[in-house]
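I opened my notebook beside the model and looked a few things up. Here is what I wrote down, entry by entry.

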Amino acid sequence: MLKGFKNFLMRDDVITVAIGLVVALAFSNLVEAFTKSVINPLVSATQPDTGGLGLGYQLGEAGNEATFVDIGAFISAIIYFIVFMATIYFFIVLPYKHIQKRRGKTVFGDPAPTKTCAECCSEIAPEASKCKFCASSQPAA
């Protein structure tokens, strides 16, 4: 039982995914610091009359953080997501695809081609004329 678990852990793809996850988590902290220290002040500067709360709208009494709709934080989260995902793609996914291609494996390839069932408009295999449901529900002749 332990030998099987060891073999599972020692597979190339499991180790690659684990290393990628650790790198992604470490990089996440770097991107978060960038958005909090650089992006947030820039976004907040676009609406200076909010009393230091940032870009957004005050719904209640002035200066109350609980009733402040913080649009700047949302914009920063979007920027954080885009930077983080682009970095993961360019520094982890593309090199991984290249390494696996050199080994003769295809990863993250294009999906298999499909076509649409004429009766119910669901996705079907290219060689089929109808989906399984429509083919099985044919009236008996």
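**Nonpolar patch.** I looked for nonpolar side chains on the surface and found a patch made of Phe74, Ile78, Phe81, Ile82 and Met85. Together they have about 520 Å² of accessible area (Shrake-Rupley method, 1.4 Å probe, with only the protein chains shown counting as cover for residues). Patch members need over 30% relative accessible area and no salt bridge; nonpolar side chains (Val, Leu, Ile, Met, Phe, Trp, Tyr) are joined within 5 Å, like charges within 9 Å. A salt bridge would be a side-chain nitrogen of Lys or Arg within 4 Å of a carboxyl oxygen of Asp or Glu.

**What I am looking at.** This is a predicted model, where local features need pLDDT of at least 70 and side-chain atom pairs count only at pLDDT 80 or more, while totals for chains, interfaces and linings use all residues. Residues are numbered from 1 along each chain as its sequence is written, and side-chain values use heavy atoms, leaving out hydrogens and water.

**Phenylalanine 81.** Is phenylalanine 81 buried or exposed? Phenylalanine 81 counts as exposed because its relative accessibility is 52% (buried is under 20%, exposed over 50%, partly exposed in between; 1.4 Å probe, protein chains only).

**Glutamine 100.** I found glutamine 100 in helix H3 too, which covers residues 71-102. Glutamine 100 has a relative accessible area of 4%, so it is buried. Leaving aside neighbours within four places in sequence, I saw glutamine 100 in contact with Lys105 and Val107 (heavy atoms within 4.5 Å).

I checked the record: an unreviewed UniProt entry lists residues 71-96 as "transmembrane region". Positions are in the numbering used here, feature names are shortened, and annotations may be inferred rather than shown by experiment. In the model, that span is 100% helix and 0% strand, with its end C-alpha atoms 36 Å apart. Helices (H or I, at least four residues) and strands (E, at least two) are DSSP runs, numbered from the N terminus.

**Rings.** How many aromatic pairs does the whole structure hold? I got 1. Tyrosine 89 and phenylalanine 90 sit edge-to-face, 5.2 Å centre to centre with 80° between the planes (Phe, Tyr and Trp rings, the six-membered one for Trp, pair with centres within 6.5 Å; under 30 degrees is stacked, over 60 edge-to-face, the rest tilted). Tyrosine 89 counts as partly exposed, because its relative accessibility is 37%.

**Whole protein.** I noted 4 helices and 4 strands, in the order α-α-β-β-α-β-β-α. Of the 141 residues, 18% count as buried.
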